[in-house]
Structures are given as C-alpha cells and as structure tokens.
Amino acid sequence: MTSRTLWVVQTASGRGPLARLTALVQAEREMFPLWLPVALGAGVVSWFLLPWQAQRLGLAVMAGGFGLGLFLMGRRWPATLMLMIVLGLGASEFRSTRTAHLVLPDRRMASLTASVVTIEPRLARDQLRLLLDVDPQQGVPDRVRVTLRGHAAVRAMAAEGLGSGARVELRAMLMPPAGPMFPGGFDASRSLWFDDVGATGTVLGPLRVLSSAPEPEGLMAWLADIRRALTRRITTSIPGEAGAVATVFVTGDRGAVPEDAAQAVRDAGLAHLLSISGLHMAVVVGGVVWLMRRILGLFPWLALRVSVKALALLAGAAAGLGYTLMAGSEVPTVRSLIATLIVLAGLLAGRDAISLRLLAAGAFVILLVRPEALMGPSFQMSFAAVAAIVALYETTFAKRMFGPDAQVGWGLLMLRGLLALVATGFVAEVALSPIGLFHFQQSGLYGMMANLLAIPLASFGIIPALVLGLLGDALGLGAVSYRPAGWMVEGLLDIAYWTAALPGAVARLPVMPSMAFGLIVLGGLWLILWRTNLRLGGVPMVIAGAVLALMSPPPDLLVSRDGRHVALRTAEGPLAFLRPRTGAILQESWSAAVGNDNIARKFDDVPGMNCSHDSCLGQVGSRTLFATRSREMLMQDSMQPACEAADIVVSERRLPDWCSPRWLRLDQQALERRGAVAIWLESGRVRGARDNLGDHPWAGVSKTM
C-alpha cells in the first residue's frame with residue numbers, strides 16, 4: 001500500500017461510514033485497471049449465457065448507454081467498465097461469426113474422400129482420431145473428426161503413407177457434435193464450433209490411403225515431423241507409462257498415457273503437469289534466461305557494450321516460442337506463451353518480473369483474441385492460480401515474511417522458503433478447488449501436499465534431465481540423462497498413485513449451479529484485486545456461493561440426449577442404470593454429476609421396479625417411471641396402460657399421441673429439443689442441457705446443410 005493510500009485512509013478514519021467507504025475507494029484508484037479484463041470477461045460470459053441474440057444486443061445497448069451517460073457525468077472509470085462489457089460482447093460475437101461453418105443436422109452414414117489434417121493417436125484407449133478436410137459435394141460439413149477404434153486403429157497406424165496431407169477414403173457413421181452429457185456439463189458442441197468442426201463420428205470398416213502424405217514442407221510440417229521423432233525417441237528410451245508421461249513434458253502428446261495413470265494424476269491434483277502450460281513454460285524460459293545471463297556475462301567486451309539482461313530475455317522469448325511450436329501450439333501452451341511474453345516485455349521495460357497488472361494485460365489480450373477460452377477450465381485454472389499467488393506475495397505480510405533479508409542465516413532462510421512453498425501451495429489449491437468442483441464435480445483434497453513434492457521434482461529434475469537428454473542425443477549420450485529422467489517420472493507417478501489412494505483423496509460435489517460459481521469467482525476476484533479493507537467485501541460473496549453449492553441437491557433422474565439411457569439416484573448412493581450395458585464414460589460422467597463414485601447398479605435390482613427385456617415400470621420417489629429399453633416398438637394394448645399409469649415416460653423413439661403420462665414425456669422429439677435432461681423429483685424441477693442455448697450457432701437452431 002503506497003504512502004498516498006495510507007494518508008487517504010487515515011484522513012477519513014475519524015469520519016462517518018460513507019466517508020470511510022469513499023476514502024477506501026479513492027485509496028484503490030491504482031487498482032482500477034485490474035478490473036478492465038474482469039469487465040471484459042463479464043461481457044464474454046454474458047454473451048455465452050444469454051440465449052437469444054435480442055437479449056445480447058439489448059445488454060450491449062444498455063451497457064453502452066450507461067457507459068456514455070457515466071462518461072458525460074465525469075465518471076470515467078465506471079464508464080470504462082461499462083464499455084468493456086460491450087467490448088466483451090462484441091469480441092464474442094465477432095469470434096463466433098468469423099468461425100461460422102456448416103454443422104451436420106442429423107445422424108447419417110457417409111462415404112468420404114478427404115485429406116488428413118491431423119492425427120491424434122490415443123494408444124491408451126486403442127483409438128486413433130483423425131481431423132479431416134472433406135472433399136466438396138459430399139453432403140457433409142467441410143471439416144469432420146472421426147475415430148478409429150480397436151483393430152481398425154491398429155491397422156490404420158500401420159498403414160503406409162498415413163499422415164498429415166494424406167488422401168484417404170473411408171465410411172463413417174457421422175453425427176452432430178454432441179452437447180453436454182448432463183445439464184451443466186462440458187459442452188463439446190461449443191468447443192468444436194470454435195475449432196471449425198461440423199461433425200464427429202466413428203469409422204466403420206477399413207480406412208484406405210489413396211495417396212501418401214507428402215514430404216514435410218514448411219516450418220510447421222518440419223516441426224510436426226520433429227515432434228513425432230522426439231515422441232518415438234523418448235518412449236523408446238524411457239519404457240512404460242513413465243515414457244508416455246515424459247513425452248508430455250516435451251511434445252505435449254498425451255495419447256499414450258494410460259488411463260489409470262491419468263486418473264491418478266487428476267485425483268492427486270497434478271493434472272496441470274499433463275498439459276504444457278505455465279509451469280513448463282516458466283521452467284524452460286526461466287532456465288534459458290538464467291543460463292544466457294551467465295554465459296554472456298563471461299564476455300566482458302560484450303557485457304560492457306550490450307545489455308546482457310535484454311539479450312537473455314530475448315533468448316528466453318525465442319525459447320518459449322520454439323517450445324510452443326514444438327508442443328503443437330495447443331491453446332493452454334499458446335496462452336502461457338502470451339503471458340510469458342508479456343512478463344518478459346515488462347522485465348525489458350524495468351517492471352517487476354510478474355505482477356497483477358501484467359497478468360491482467362495477458363488476460364485482456366487472450367479474451368479479445370479467443371473469448372471462448374474463458375468458458376473452459378484451462379484458462380480459469382491458469383489465471384486463478386497465478387493471480388492468487390501473485391496477490392499473496394504482493395501483501396505487506398508476505399513481503400515481510402518471505403522477502404529477501406540479508407540479515408538471516410541459512411537455516412532461517414530455508415525455513416522461510418519451506419513456509420513460502422506451503423503458503424503458495426495452499427493459496428493455489430484454494431483458488432483451484434472451486435473451478436475443479438464446477439467443471440469436473442471433484443477436486444483433490446491433498447493436491448497441496450502432492451504439489452509440494454511434484455513441482456520441485458518436475459521443475460528441477462524431470463524437465464532439465466529431458467532437455468539434457470535431447471541435447472545429449474547429438475553426442476550419443478542421451479541415455480545418460482534419459483535414465484534418471486525416467487526414474488524421476490516414476491517417482492512423480494508414485495506420488496500421484498500414493499496421494500490418490502489416500503482415504504478421502506477426492507472431494508466430490510454434485511453439479512454446481514452457475515450462480516454459486518459466479519458468486520465464488522466474483523468474491524475471489526474482490527479479495528485478490530483490492531488492497532485495502534474494501535477487499536473484505538469478497539468474503540460474504542464466497543461464503544454465499546459455497547453455501548449455495550453445498551445446499552444444491554443432486555438430480556434424482558438423468559436422461560441421455562438420445563433417450564437410450566436413464567439413471568436413477570438410489571437411496572443407497574450408487575446410480576442405477578436402465579440398460580445393463582452402459583458405457584463407462586457415461587457412467588463416470590453421471591456419477592460425477594450426482595457427486596457419487598460408487599459402483600453402478602441396474603434398474604432390475606431396484607426394489608419396486610418391474611423390468612422386462614423391453615421396458616421398466618416402477619416407483620421412483622413420489623413418481624412413477626416408465627422407460628423403454630428396447631428398439632422394438634411396443635404394442636398399444638400393452639404400452640398404453642403403462643403410459644397412463646406413469647408420471648414420467650422416457651423412450652428413444654418418437655412416441656404416439658396416445659402415450660400420455662401424467663406429468664412428463666421425454667421421447668425422441670422432446671430430447672432433440674432439450675438435450676440431456678436432469679430431474680429433481682421432490683421439487684418437480686426439470687432442466688435440459690439445451691434449454692438455455694437459444695440461437696447460439698452450436699445449439700442446433702441454425703444448423704443447415
């Protein structure tokens with residue numbers, strides 16, 4: 001807090017409440033710019049949450065009018081915030097319009113001739129995912145994503161000439177990009193819309209290579225070839241799951257990481273290590289800057305004539321750019337690069353290494369260019385953790401407690417460093433937990449402890465060893481570093497497995513209401529971005545959001561978007577599924593949605609539920625449920641009495657008019673409109689995944705072919 005700030009606060013300390021509040025606001029003037037990206041983000045979120053274009057346009061006009069009025073009244077900062085909301089709305093509309101493309105309106109079989117854009121091996125699942133540019137006049141969108149499974153994937157990977165740019169012929173079952181598996185869940189259709197993908201599907205039968213992939217041309221093709229070579233080199237030098245995880249640190253390729261290892265890493269709170277982002281970028285760029293300053297300092301003639309610091313920072317920027325390109329330029333990596341370049345630019349200008357202002361500038365740039373990133377967990381987690389840590393170390397207490405002090409001995413210095421690590425881990429975990437609970441319905445409770453061990457191991461052990469191994473390959477000495485790198489990765493996985501196996505390692509919460517998450521985020525920002533006692537106003541917001549999240553009951557019934565699957569939350573805890581054979585992914589997603597990870601049951605085992613091969617009829621709470629589970633059309637004389645006796649009817653078919661339940665009918669027609677449905681039986685609340693999508697282009701309203 002500056003001397004001017006202290007003077008303003010002390011001057012008003014003896015006045016009334018309004019005067020004290022005014023003084024606090026005046027004292028926070030230097031923090032006002034930090035709220036610009038927050039207001040921009042508010043406009044972005046509003047664009048995504050408001051279902052209809054008329055509502056979005058109305059908000060833009062209202063915010064713009066308020067902003068103009070406040071500006072004319074001399075209230076420039078409030079006016080600027082209003083205009084930032086308008087800018088966020090405009091940036092989102094521009095980005096969505098710019099990526100406009102055709103989307104497949106319905107499920108269909110198609111024979112395709114296409115060019116391969118990218119290949120994503122998913123060896124842990126015996127899958128191969130292809131992004132294809134489809135030849136014109138084939139009745140499907142220009143770009144589709146298809147998956148080969150099992151033996152088809154193995155044969156395709158062994159096919160000669162398959163690679164980026166290859167011409168292929170295949171037959172696939174295509175469908176529109178899938179919406180959320182449950183209301184409030186991850187919306188793949190929104191994500192794929194901004195990736196220009198108009199359909200997804202599964203390859204049926206063999207894939208035929210018409211013409212081989214051309215030799216790599218240009219920088220990006222050359223880098224892709226190097227990525228594949230590095231992946232092969234690392235997995236050959238470090239066998240097993242350790243090699244698959246080590247590959248992630250260098251090339252970002254997660255396809256070979258076994259699902260058990262990935263799940264353990266997530267449950268231990270170490271998922272950020274399996275995505276090249278802030279930590280990896282900081283280690284690589286920081287290491288290059290440190291090394292270059294030491295090397296250039298060895299040449300006095302150069303050091304006396306040129307800024308060694310500037311040269312080292314430029315070398316670090318080049319290393320960050322090269323690392324991003326080598327890792328495939330994925331969104332988290334690009335975002336980390338932008339933030340890193342802003343930090344380096346600040347250092348070149350003589351500013352602090354990292355501050356909330358630099359972080360705010362990075363967020364502002366990213367939101368203008370890729371506003372959809374704000375809706376995903378990656379952006380939220382990256383900026384939340386860094387902002388919380390920076391805010392911690394900008395406090396007077398932290399500067400006094402953890403700042404450099406030449407008067408202390410080595411023992412006390414090491415103790416302070418350990419306390420700083422604990423404080424950093426605790427603050428980061430507190431910032432990340434609500435985001436994990438909102439997006440994934442779970443959060444690792446021991447993530448702080450695991451990160452205290454894993455982050456130093458990755459930063460000072462694994463990444464440097466892998467870099468030395470890659471450099472050593474040129475001299476034939478790569479194995480000298482690869483071997484210890486493999487040992488350290490195995491140690492990292494041991495930490496993950498051990499942490500994930502601890503009792504209560506994962507906190508689970510049913511799907512969180514958006515209002516609860518919004519209150520927690522706003523309260524957290526209020527605590528982080530202010531410096532005076534004004535920040536205490538964020539505490540009741542966080543508490544209100546947490547209480548709302550904890551008090552929100554999980555849904556009692558879940559219905560899939562195609563009507564084939566129904567799940568009932570039983571009194572004993574686990575979900576009971578309508579169909580005996582339900583996919584593991586759907587089981588896991590729905591169990592997470594109700595905050596439960598117990599082994600699933602079948603409808604047949606639920607007391608009071610009468611099931612046959614074709615359907616189930618029984619009491620669920622205070623309601624009667626009738627659900628079909630056969631593709632065979634039931635006869636009217638047997639089905640109509642069941643429909644009339646039921647409060648809720650669910651079917652994957654389009655039901656005739658004579659099937660009229662007392663309360664709710666969810667057949668093919670209703671589910672195409674509403675998407676996956678969640679039902680709360682006691683309150684009678686029904687929520688569809690598509691209920692509030694309105695006319696957003698990925699919602700299905702504007703899909704035409």
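Visitor: What is the handedness of the disulfide of cysteine 611 and cysteine 616, and why?

Guide: A disulfide joins the sulfur atoms of two cysteines through a covalent bond. In this predicted model, the torsion about the S-S bond of cysteine 611 and cysteine 616 is about 115°, so the link is right-handed. The two sulfur atoms lie 2.0 Å apart.

Visitor: How many disulfides does the structure hold?

Guide: There are 2 disulfides in the structure. Besides the pair already described, cysteine 643 and cysteine 659 are joined, with their sulfur atoms 2.0 Å apart.

Visitor: Is the link of cysteine 643 and cysteine 659 left-handed or right-handed?

Guide: The angle about its S-S bond is -80°, and the link of cysteine 643 and cysteine 659 is left-handed. This pair connects distant parts of the chain, 16 residues apart. Cysteine 643 belongs to helix H24 (residues 636-645), whereas cysteine 659 sits in the loop between strand E16 (648-650) and strand E17 (664-666).

Visitor: Which of these cysteines are buried or exposed?

Guide: Burial is read from relative accessible area, with under 20% counting as buried. Cysteine 611 has 26% relative accessibility and therefore counts as partly exposed.

Visitor: What is the pairing when the bonded cysteines are numbered in sequence order?

Guide: Numbered in that way along the protein chain, the bonded cysteines give the pairing 1-2, 3-4.

How values were computed
Residues numbered from 1 in each chain as written. Predicted model: local features only at pLDDT ≥ 70, side-chain atom pairs only at ≥ 80, totals over all residues. Heavy atoms only, no water. Disulfide = S-S within 2.5 Å. Buried < 20%, exposed > 50% of the residue type's maximum accessible area, 1.4 Å probe, protein only. Helix = DSSP H or I, 4+ residues; strand = E, 2+ residues; numbered from the N terminus.
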